[in-house]
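This report describes one protein chain for a reader who has not seen it before. The sequence and the structure come next.

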Amino acid sequence: MYNSEAEVGCAVKDKIKDGTVTRQDLFIVTKLWRNFFSRDEVRNAFDRSLKELDLDYIDLYLMHCTTGLRKFSNNPRQHYPDAEDYSPYFDETDYVDTWKEMEKLVDAGLVKSIGVSNFNIEQLERILAIARHPLAVVQIELHPYLSQSDLLQFCKQRNIVVTAYSPLAWGGQPHVKTPKPVALNENPIITRIALKHKKTPFQVVLRYELQLGVVVIPKSTNDKHIRENFQVFDFNLSKEEMEEVASLNINYRLLDQHKFKDHIHFPYNDKAV
């Protein structure tokens, strides 16, 4: 869905060929985009991804969200319609049916594990009620301003791995009217803890999330920042520091799917989930 599979596939192939890694060293994840939730589209979409990645199997395949869009273009790289109002393009396919099609990919040995993204607890319960294969991973927006504590606890109790996207609360959508909180790397609680540990504020944030038991996937194109994002395993936050960071939660969501708020499967109708 990020139009990067062909490039990733080429890089993987080159590094396997030159002996840097083996396929078994790698854990490769891709997603089923919301345009392809109908039963007759899931396998076609997966096959395109597998072909672009030039692989025999995927380690983890995620359903991107609950809110589908019907097919509106013959270009698989066009992810949204050319319209301000998406509602005429809503696909109300039940995500449970989409999940069942994804399970067939596991049956066929094409996928090792499957999971979902941007689901709420009730929606996860519907999947768990019918799942033949484990719901392995739930990917959600999670950071100190959006703690997702109820959802995190729900997943922990069921041995579901939680992956945090936007873990640094960076970016977001300009339509959001709620005043944006101060950037985490300028938050006085975070900066004070960072100074104590001789780390950057963002390293403290990532360390906090890791200690919550969450997988973090920070995004950066800056070489220095990428290296810093890995340098979070040589210190620990105290119980008191963890509680201080946790106190920053204000249920502030950066990516709220506002154009899908009238979709039958919209996940964010109540509090942040």
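Is N159 buried or exposed? N159 is exposed, because its relative accessible area is 70%; exposed means over 50%, buried under 20%, and partly exposed in between, with a 1.4 Å probe and protein chains only.

## Basis of the model

This is a predicted model, in which local features need pLDDT of at least 70 and side-chain atom pairs count only at pLDDT 80 or more, while totals for chains, interfaces and linings use all residues. Residues are numbered from 1 along each chain as its sequence is written, and side-chain values use heavy atoms, with hydrogens and water left out.

## Overall form

The protein has nine helices and eight strands. These are DSSP runs numbered from the N terminus: helices are H or I with at least four residues, strands are E with at least two. The radius of gyration is 19 Å, which agrees with the value near 19 Å for a compact globule of 273 residues. The radius is taken over C-alpha atoms, and the globule rule is 2.2 Å times the number of residues to the power 0.38. Along the principal axes, the C-alpha atoms fill a box of roughly 55 × 50 × 35 Å.

Of the 273 residues, 48% are buried. Among contacts (heavy atoms within 4.5 Å) with a separation of 6 or more, 73% are between residues 24 or more positions apart. The accessible surface comes to about 14400 Å², and carbon and sulfur atoms hold 51% of it; the areas come from the Shrake-Rupley method with a 1.4 Å probe, and for residues only the protein chains shown count as cover.

## The sheet

Six strands make an open sheet with parallel pairing, in the order β1-β2-β5-β6-β7-β8. Its edge strands, β1 (29-32) and β8 (215-216), each pair on one side only. Two strands pair if DSSP finds at least two bridges between them. In general, strands of a sheet pair through backbone hydrogen bonds, either parallel or antiparallel.

β1 runs parallel to β2 (residues 58-63), and four bridges join them. T30 stands opposite Y61 in β2. Further along the order, five bridges join β6 (residues 135-141) to β7, again in parallel, and E141 stands opposite Y165 in β7. Four of the five residues of β7 are buried.

## Two loop residues with positive phi

N159 lies in the loop between α5 (149-157) and β7 (161-165). Its phi is near 55°, a positive value in a residue other than glycine.

N118 also has a positive phi, near 60°, and is likewise a residue other than glycine. The loop that holds N118 runs between β5 (111-117) and α4 (121-130). N118 is buried, because its relative accessible area is 5%. Leaving aside residues up to four places away in sequence, N118 touches H64, C65, T66, Q123, Q139, I140, Y165, Q257, P267 and Y268. From N118 to E41 the separation is 77 residues in sequence and 20 Å in space, C-alpha to C-alpha.
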